[in-house]
Amino acid sequence: MKTDTWKNRDFITTLDYTRQELETLLGVAAELKQDFLLGKPHDHLLRKTLFMVFYNASLRTRNSFEAGMTQLGGHAHFLDQEKIYSPALPGQQAARHSEEIADTARTLSRMGHGIAIRCFGSAVSWVWGMGNQVMQEFAKWSDIPVINMEDDWYHPCQGMADIMTIKEKLGDLQGRKLVMSWAYAPDTKKPLSVAHSMLAVASKFGMELVLAHPAGYELHPTVLEGVRANVARHGGSFQIMDDMDEACRNADVVYAKSWTALQYWPPTTDKLDDSGLQALADGHKDWICDGRRMGLAKKSAFYLHCLPCNRDHEVTREVIDGPQSAVFDQAENRLHAQKAVMSLLMR
Ligand code: CP
C-alpha cells in the first residue's frame, strides 16, 4: 500500500521517493547513528514487531534489521520461508508446505507493524523478476509497510547505506564522480539489485555517474531510464562505458562488484543458461579492482563493495583490506539507514 506520508508507506525502491524524502531519511539516519554512538536511548518503535521473511541467505541484512529493531525498542521476528508455509504467488503453490502470499501478508498485518522480505534467484526457480513480483504481491495485500531486503531488481536499504557512506566521506555530492563497475566473480548469478539501487539513489544527488561493464552485462533499461530522468532533473551526468581503466580515471568513489547477465535468464530464455553465463564471465577475468586501477582514481578515492565479496576476483586484498577501503563503514551504515527507514515507516 502507498500513502503520501511516511507512515505505512512501502520501501521497495528509492525511485518511489523524492530527493527531499531521501534527504530526510539520511538526516534521521545520521541522528540515529549519533544516538547509537553516544549510548542514548532512541526507542521510537517501542513494543513494535518487524516480520522478516527470508527466502535467501544473509549476514548483514538480517543482523542489521534484527539489531536495529532491538535498539529501537521493538523486536524483529526471523521467518525462514522453509520453516513457515512458504509464501507463494497465486498459482505457484507447488511446494508441499506453502500458502498464498495474500494469506501470509494479511495474517502478519494483524500481528505486527512491518514486513521485510528478501527474495531472488534460487528462491524463485531462477526466473528473473519473480522476486520483485513476490515483493509486490506482499505490498498488495499487506496493511503494514513492506520493506525490500533485496529482490532481483532492487536492494534499496543497501542503496541508502551506500549513499550515506559516500555523503559522510565527501559532503556535498554535486559533481563528485562515482564509478559503478562490473567485476569478475566465479559466481555468475549475483543479482543486479545493488548496481540498480546505487545508481537509482546517486542520480538524485547531482553526481557524475559512470557505469562500466563489458558488453552483455547491461543493467535493465527501465532502471537506466529512471537514472537518466533523475540526472535530467537533479543535475550531474551519466555515462556508460566498457573500459574499466577509463571509468576509474579521476573517480571519487569506485564501487566494483559482479552482477549477472540477464540474457541468460528466464523469461528471456526457457531455463537458466549456466554455461552461457560462465563463458561470458570467463572472457572478462581481468575486470578486477586492483591497486593500479585505484591509482587512476583521485588520491582521496575510496572503494565500496556491499559484501559478501569474492577476494582476488572482484577486488584484490590490497584494495579491500587497505586504507582506501570503506566497506565496513558501508556495512555499519546498513544498521543506521535501516533504522531510519523503519522509524519513519513503522511509527
Ligand atoms: N550486502 C548484503 O545485503 O549482505 P547480506 O547478503 O549478508 O545480507
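## The ligand's shell

By class, 3 nonpolar, 4 polar and 3 charged residues make up the shell around the ligand. Keep in mind as you look around that this is a predicted model. The residues surrounding the ligand are Ser58, Leu59, Arg60, Thr61, Arg118, His155, Gln158, Cys306, Leu307 and Arg334. Among these neighbours, Arg60, Arg118 and Arg334 count as charged, while Leu59, Cys306 and Leu307 count as nonpolar.

## Polar contacts and burial

Let's turn to individual atoms. An oxygen atom of the ligand has a polar side-chain atom of His155 at 2.8 Å. Gln158 also uses its side chain: an N or O atom there is 2.9 Å from a nitrogen atom of the ligand. Cys306 takes part through its backbone instead, with an N or O atom 3.0 Å from a nitrogen atom of the ligand.

How much of the ligand does the protein bury? Taken alone, the ligand exposes 250 Å², and the protein buries 92% of that. As for where to find the ligand, it sits in the largest pocket.

## Two domains around one site

The domain assignment divides the protein chain into domain 1 (14-154 + 332-346) and domain 2 (157-331). Their C-alpha centres lie 24 Å apart. On the contact between them, domain 1 supplies 33 residues and domain 2 supplies 38 residues.

Which domains contribute to the shell around the ligand? Domain 1 and domain 2 each provide at least three residues. Arg118 and Arg334, for instance, are in the shell and fall within the bounds of domain 1, whereas Gln158 and Cys306 also line the ligand but belong to domain 2.

Definitions and conventions:
Residues are numbered from 1 along each chain as its sequence is written. This is a predicted model: local features need pLDDT of at least 70, side-chain atom pairs count only at pLDDT 80 or more; totals for chains, interfaces and linings use all residues. Side-chain values use heavy atoms; hydrogens and water are left out. A residue is near a molecule or strand if one of its heavy atoms lies within 4 Å of it. A polar contact is a pair of N or O atoms within 3.5 Å; within protein, one must be able to donate a hydrogen and the other to accept it, and residues adjacent in sequence count only if both atoms are side-chain atoms. Accessible areas come from the Shrake-Rupley method with a 1.4 Å probe; for residues, only the protein chains shown count as cover. On a 1 Å grid over the protein atoms alone, a cavity is a set of points where a 1.4 Å probe fits but cannot get out, and a pocket is an open set with protein on both sides within 12 Å along at least five of seven lines; lining residues have an atom within 4 Å of a point. A molecule sits in a cavity or pocket if more than half of its atoms lie within 2 Å of its grid points. Domain bounds come from an automatic or database domain assignment. Contact means heavy atoms within 4.5 Å.
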